[in-house]
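Hi,

Here is the structure I promised to pass on. Please open it alongside the notes below.

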Amino acid sequence: MYEKSKDFFNSFNSIFEVDNPTREIAISEYIHTKSFTEFIIAQINKIIESKGLHPQNEYFRIDSMGYKSRWKELSKRNDFNPHLWDLEIAVEHENDSKDWLDEVIKLAHICCPLRVVIGYVPCTKRNKDITLLDYAAKALKKLDCFDNVLKGEFLIILGNCATQGKIENYFNYKAYVFDTNELQFKELEQ
């Protein structure tokens, strides 16, 4: 269960492993929100490409998405360009610890097999992850498009912010997936 979420989280988390050369870049960019976001989006695009999908940025104003191109299934016409693709993954990255719920609501309106929000919580308040995720689940259930949330997987990855510049406080990503039976976010079992 939640295989797409597990696969994405494992690929994402590998960016920060000690033996991965990208970790040093991530460490140097972590406290610079704009450049860290650019770095993360580039890494997400690489993950999307590794799954055989085409990455696209800011389409639908989504930070990164991956689609499967199917235009070759259409017959050719001289008067019309053949466009046919399926959205497979939509990813939003939000540095502001008080604003990632907006990204959750945005992706609730998007229909695809995997939606991912990467957000941050002050490292001294990580014991409140579940409280914040419960709040997010309550917000989702109020949406007119809530039935859309029940289609596909919805993954939230939370990392540390307000790290006081201590490298040992960087990253610490944890993954949570929306359980469509219990209608709440639960920690993703590895």
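Ring pairs join Phe8, Phe12, Phe16, Tyr30, Phe36, Phe39, Tyr120, Tyr170, Phe171 and Tyr173 into a cluster. Bear in mind that this is a predicted model. The structure holds 19 aromatic pairs.

Two of the pairs show how the geometry is read. A ring pair is described by the distance of the centres and the angle of the planes. For Phe171 and Tyr173, the centres are 6.4 Å apart and the planes lie at 25 degrees, so the pair is stacked. Planes under 30 degrees apart count as stacked. Phe171 is buried, at 4% relative accessible area. Tyr173 is also buried, at 6%.

Tyr59 and Phe60 make an edge-to-face pair, because their planes are at 65 degrees and the cut-off for that class is over 60. Their ring centres are 4.9 Å apart. Tyr59 is partly exposed, with a relative accessible area of 37%.

Now helix H1, residues 3-14. Its 12 residues reach 16 Å from the first C-alpha to the last, close to the 16 Å expected. Ser5, Phe8, Phe9, Ser11 and Phe12 are its buried residues. They fall within an arc of 165 degrees seen down the axis, so they line one face of H1. Against them pack helix H3, strands S3, S4 and S5, and strand S6. Phe8 and Phe12 also belong to the ring cluster.

Helix H4 covers residues 100-108. Buried here are Trp100, Glu103, Val104, Leu107 and Ala108. Their arc is only 140 degrees around the axis, which puts them on the same side of H4. Their cover includes strands S3, S4 and S5, plus helices H5 and H6.

Best wishes

Methods. Residues numbered from 1 in each chain as written. Predicted model: local features only at pLDDT ≥ 70, side-chain atom pairs only at ≥ 80, totals over all residues. Heavy atoms only, no water. Buried < 20%, exposed > 50% of the residue type's maximum accessible area, 1.4 Å probe, protein only. Helix = DSSP H or I, 4+ residues; strand = E, 2+ residues; numbered from the N terminus. Arc of directions from axis to C-beta. Contact = heavy atoms within 4.5 Å. Expected span 1.5 Å × (residues − 1). Phe/Tyr/Trp six-rings, centres within 6.5 Å; stacked < 30°, edge-to-face > 60°.
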